[in-house]
Amino acid sequence: MLNKHRIFKFLYVIHLYGGLFASGFFLIMGLSALNYQHKFFSKEVTSNSVSDTCNVAITASDDKLLVEEIKKIKNIFGFDPDWEKYTDSNNVFHCKIMRPGRDYTLYLNKNTGQLITITESKGFGSIFVGMHEGIIRKPESLIFNIWGYYVLVASITAILLVFTGIYFWFKKSIKTKRDAYLAIGFGLGYILIFGLLLLF
Amino acid sequence: MIKKLIRKIHFYLSLFLYVQVLLYLLTGLMFGVHSFMPNSEKEWNAKMEFYKISNKIDTSNKEKSGLELQRKYAIKGRMMNAKLEKENLFKYDFNNPLENVEVSYIIDKDSVILARSTPATFFKQTERIHVLHNYKGKWFHLVWATMLDVTAVSMILFSITGMILWYDMRKKFGLGWYFLIVSWAITIYTIISLVI
């Protein structure tokens, strides 16, 4: 049978290692949450666009496959919204690829194979937004997928940290009635404000 | 002395923030993974209401006229936007996590159209709660925004004070280096690859 001391030690180790594992997540989520409210860093295009021209041999006929092929050739990743894809009367295919920190506008001449890529860098705020939402959006990039799964695991770990933290309050940290009242008072205060937000 | 202070900061921050942090973690997690949940594709339920009004609305004072509309038509939330959309059309947007209301005041026809949309699923509601921010609206909205700021700063402080507290015990808990390196390698590499 597990004794109380062992349970305490086990949860302490989880709290400690879990906290270290989630430390990067906490820092990025904290900074990006502040940026959502105060906009310290812009998420708009901040620098002049850079244009690059090259010739490519494209085999795909479908717009979606065409973009996938361009992405592979140019080694870029991001979202390619359907409403930005079309072929004009000169047989030039237009598309846009967006990712945190950067926007790409591409023009592919289907007759000659000439591909023009216009790259625009966005402010650091855009990177924060991308990382904050990393769990939701997983563009086909290895690093962004790793970040997405890290955020998922770190979020679950952080929930565990809260519960193990509450366990430590009761077992060790809360020594006075004042601390206990503070914890209950602030908890109820949050719930009250939250209720007001939903009701009015 | 410093170690004791850091431990106190870590402890007292947690006393203040456990509910808020938990709420954001849970809603954030649902926000992120709700595509796996049933009915997640269903987003909004919409309803239209039409009213004829006897007195003209004074749109020159946006705040006052917005509050009057809220009282008259039992609209929840805070006014996010109020502007003359076209020559004869003035629009107000009201926002509450459980309801969005767009009010169109058609000036020359003395009529008001309300488009009420409510999140269709529990997961959509949690998403709306998660994204609620900004110093705008009634007093409790301002309190909420302040709490959000405090939570954000605390997350940063939790991270820093936690690392300092572990560093002091690193000989006993040496495995911590691996967790710390994994966390920061992923974080820093992601930032660098997005910047370059």
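## Where the two chains meet

Start with the interface: 49 residues of chain A are in contact with 54 residues of chain B. Keep in mind that this is a predicted model. On the chain B side, three helices each put in at least two residues: H1 (2-33), H4 (139-168) and H5. H4(B) gives the most, with 16 residues.

What is the make-up of the side of chain B that touches chain A, in nonpolar, polar and charged residues? It divides into 38 nonpolar, 13 polar and three charged.

## A helix pair across the interface

Helix H1 of chain A (residues 4-21) packs with helix H5 of chain B (residues 176-195), their axes 7 Å apart and at an angle of about 25°.

Who makes the contact? From H1(A) come Leu16(A), Tyr17(A), Leu20(A) and Phe21(A), while H5(B) brings Gly176(B), Phe179(B), Leu180(B), Val182(B) and Ser183(B). Sorted by type, the residues of this contact are seven nonpolar and two polar, with no charged ones.

## The sheet in chain A

Over in chain A there's an open sheet of five strands, with antiparallel pairing and the order E1-E5-E4-E3-E2. Strands E1 (50-55) and E2 (86-87) of chain A sit at the edges with a single partner strand each, so one side of each has no neighbour in the sheet.

Further in, strand E3 (residues 92-99) and strand E4 (residues 102-109) of chain A run antiparallel and are joined by eight bridges. If you want one pairing to look up, Lys96(A) has Thr105(A) in E4(A) as its bridge partner. Helix H3 of chain A (residues 63-74) packs on the sheet, touching E3, E4 and strand E5 (114-121) of chain A. The direction of H3(A) makes about 65° with that of E3(A).

## The overall build of chain B

Chain B has five helices and five strands, and reading along the sequence gives the pattern α-β-α-β-β-β-β-α-α-α. Why call chain B more spread out than a compact globule? Its radius of gyration is 24 Å, whereas the globule rule gives 16 Å for 196 residues; chain B is well over that, so it is more spread out than a compact globule.

The C-alpha trace of chain B spans about 80 × 40 × 35 Å along its principal axes. Of the 196 residues in chain B, 29% are buried. As for contacts in chain B with a separation of 6 or more, 55% are between residues 24 or more positions apart.

Conventions: Residues numbered from 1 in each chain as written. Chains lettered and ligands numbered in written order. Predicted model: local features only at pLDDT ≥ 70, side-chain atom pairs only at ≥ 80, totals over all residues. Axes fitted to C-alpha atoms, helices over the stretch in contact; angles between N-to-C directions. Helix = DSSP H or I, 4+ residues; strand = E, 2+ residues; numbered from the N terminus. Contact = placed C-beta atoms within 7 Å. Nonpolar A, V, L, I, M, F, W, Y, C, P; charged D, E, K, R; others polar. Pairing = 2+ DSSP bridges. Rg over C-alpha atoms; globule rule 2.2 N^0.38 Å. Buried ≥ 20, exposed ≤ 12 C-beta atoms within 10 Å, placed from the backbone.
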